[in-house]
Amino acid sequence: MRNPINQVVTDMKPSGIRKFFDIVSEMKDAISLGVGEPDFDTPWHVCEEGIYSFERGKTHYTSNAGLIELRDEISKYMKRHYGLEYDCNENIFVTVGGSEAIDLSMRVMLSPGDEVIIPQPSYVSYEPCVLLAGGKAKIVNLKAENEFKLTKDELLEAINEHTKCLILPFPNNPTGSIMTKEELEDIAEVCIEKDILVVSDEIYSELTYGEEKHTSIASLPGMWERTVVINGFSKSHAMTGWRLGYACGPELIIKQMLKVHQFAIMCAPTTSQYAAVEALRNGDKDVERMRSAYDQRRRFLIKELRDMGLECFEAKGAFYVFPCIKSLEMTSDEFATRLLYEEKVAVVPGTAFGDCGEGFLRISYAYSIDNLKIALERIRRFVERRRAEIAE
Amino acid sequence: MDIEILKAIDQNAKLTPAELAAMLGKEEAYVAKEIETMEKEHVICGYPTLINWDKTEGERVTALIEVKVTPQRGMGFDKIAERIYKFDEVEALYLMSGGYDLTVMLVGKSLKEVAEFVSSKLAPMESVVSTATHFVLKKYKQHGLEMDSEKEDERMLITP
């Protein structure tokens, strides 16, 4: 029989997180700090709106771009929160999670040979999406000393004549790093000068802590027309299972993304769209409530990890911290595996998000304080034991 | 008065000053001092435990009693309210707007005991005009917490 599989897919590495997932799944009583989704349930008034949509018989397709009410709310939300002007008919469409929008943006922008700059550590699906779209991924290894932010020099060094696009993943999963307006201005300057498009994955935009609120690179002068902003409801409104996201950008690109979406997906789930309208109309207080809970856990976690003697920069976004374990003279994979077997706590090795994640761990704080306390006690025990081993 | 501290302990009284300090980004000594002050000023009135008595062997019934009273000259409702809430059986007492004046939450061992209290203690009070007793059949949610939620974390253990 002939090889049934496409060569790009055959060559694609399986997700590093998958391997770890398989080990963890066998341990029924493990405490996990390895989850990339909110611990909160979707706010009830949002769920009710979904239920109500069934009762009204709203069980059909919507328009390809999504419900006009929802696009209208997204338009208002982008203006209200980030000062971005997007027309609900020309610049916005609703996707099946942010993930679909990442995939579509690559498929629509790339021609064979085009390069996409992907800063890592970052979310696992950027590189595969680039490859599937026939592009080439140019990885930038972000540095701990820069708190895993992308610098102008790093970007300049990665650019060559094939570079078409930059994927900008901030606030960042897995590092929790954010980029300030000033830092984004440096990046924007390069993108404009070198004529580079930007896909800005802002799925964690509502989850920033401290004085600095999230700035979208699309709001900087000269960037609106070259940026696709990807966002959604999963993280901000605890709606991961509803599979709902959206893409905003210049009509030139959005129109083509919508064309592919129309053939591949038809439309995002109708129930989820009705629920999302409610989330945007009346959900700001939920977002604030959850944000404030995450912030407390974040401070608690960073303090505890530092007390253990682990280096941990102050992550100000998403719901992850990214401590360094190099002082324990083991790889991320060894640490995570031993921690799991010896103390039954699951964390994700930094290497699951790129080679430069070696020496780091992603610890999620989408868990209650009580849960974090137990897990941290076990991590502390493990770290102390490891230190004693090294001393011997 | 630090509202952030209050919000944090409202749902979890077991947090220590050290933990609260870490969570709120404040000094432990400051948190301890604030809590002490708020206790003294009766902003924090106590730390009771939320117990689901339905799951225990103990016999226990709760009743909500609507009470209409005649307020007393110069004292309003406070005097009569005090006479009622001083009873150990009274778990909570609220002054209400609307169709009646006081809500009395009463705890007793049995329906009979509660009925006895109403007929022998509450109803005969001079200022009490009428009472209507409603027994609580099941408590679903109290103090913002779902009483019977043994909810498992349904998330997969590891996700990207």
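Into which domains is chain B divided? In this predicted model, chain B comprises domain 1 (3–40) and domain 2 (53–138). The centres of domain 1 of chain B and domain 2 of chain B, taken over C-alpha atoms, are separated by 34 Å.

Chain A is likewise assigned a domain 1 and a domain 2; domain 1 is made up of two segments (7–42 + 285–384), and domain 2 covers 44–282. Between the centres of domain 1 of chain A and domain 2 of chain A, again over C-alpha atoms, the separation is 24 Å. The contact draws on 36 residues from domain 1 of chain A and on 39 residues from domain 2 of chain A. About 3,100 Å² is buried between domain 1 of chain A and domain 2 of chain A, and carbon and sulfur atoms account for 64% of this area. On the domain 1 side, T42(A), F313(A) and F353(A) contribute 22% of the area buried against domain 2 of chain A, more than any other three residues.

The interface between the chains was examined next. Here 33 residues of chain A are in contact with 16 residues of chain B. Together, chain A and chain B bury about 1,900 Å², with 59% of that area on carbon and sulfur atoms. The residues of chain A that lose the most area to chain B are F21(A), Q296(A) and R299(A), which together make up 26% of what the chain A side buries. One salt bridge is counted between chain A and chain B. A salt bridge joins the side chains of K373(A) and E19(B), with an N to O distance of 3.0 Å. A charge–ring arrangement also involves residues of both chains: the charged end of R155(B) sits over the ring of Y367(A), at 4.6 Å from the ring centre. Within chain A, the charged end of R56(A) is placed over the ring of Y274(A), 5.4 Å from its centre.

Over all chains, the count comes to 16 aromatic pairs. One of them is formed by Y77(A) and Y82(A), which are arranged edge-to-face, with 5.9 Å from centre to centre and 80° between the planes. Y77(A) has a relative accessible area of 3% and is therefore classed as buried. For Y82(A) the relative accessible area is 10%, so this residue is buried too.

In chain B, F87(B) and F117(B) form an aromatic pair that is also edge-to-face, at 5.0 Å centre to centre and 90° between the planes. F87(B) belongs to the loop between α4 (78–85) and β2 (90–95) of chain B, and F117(B) to helix α5 (residues 111–122) of chain B; the pair therefore ties together parts that are 30 residues apart in sequence. Are F87(B) and F117(B) buried or partly exposed? F87(B) is partly exposed, because its relative accessible area of 23% is not under the 20% cut-off for buried residues. F117(B), by contrast, is buried, at 5% relative accessibility.

A further aromatic grouping occurs in chain A, where F40(A), Y204(A), Y294(A), F319(A) and Y320(A) form one cluster.

Terms used. Residues are numbered from 1 along each chain as its sequence is written. Chains are lettered from A and ligands numbered from 1 in the order in which they are written. This is a predicted model: local features need pLDDT of at least 70, side-chain atom pairs count only at pLDDT 80 or more; totals for chains, interfaces and linings use all residues. Side-chain values use heavy atoms; hydrogens and water are left out. Rings of Phe, Tyr and Trp (its six-membered ring) pair if their centres lie within 6.5 Å; planes under 30 degrees apart count as stacked, over 60 as edge-to-face and the rest as tilted. Buried means under 20% relative accessible area, exposed over 50%, partly exposed in between (1.4 Å probe, protein chains only). Helices (H or I, at least four residues) and strands (E, at least two) are DSSP runs, numbered from the N terminus. A charge sits over a ring if NZ of Lys or CZ of Arg is within 6 Å of the ring centre and within 35 degrees of the ring normal. Domain bounds come from an automatic or database domain assignment. Contact means heavy atoms within 4.5 Å. Buried area is the accessible area (1.4 Å probe) that two parts lose on being put together, summed over both. A salt bridge is a side-chain nitrogen of Lys or Arg within 4 Å of a carboxyl oxygen of Asp or Glu.
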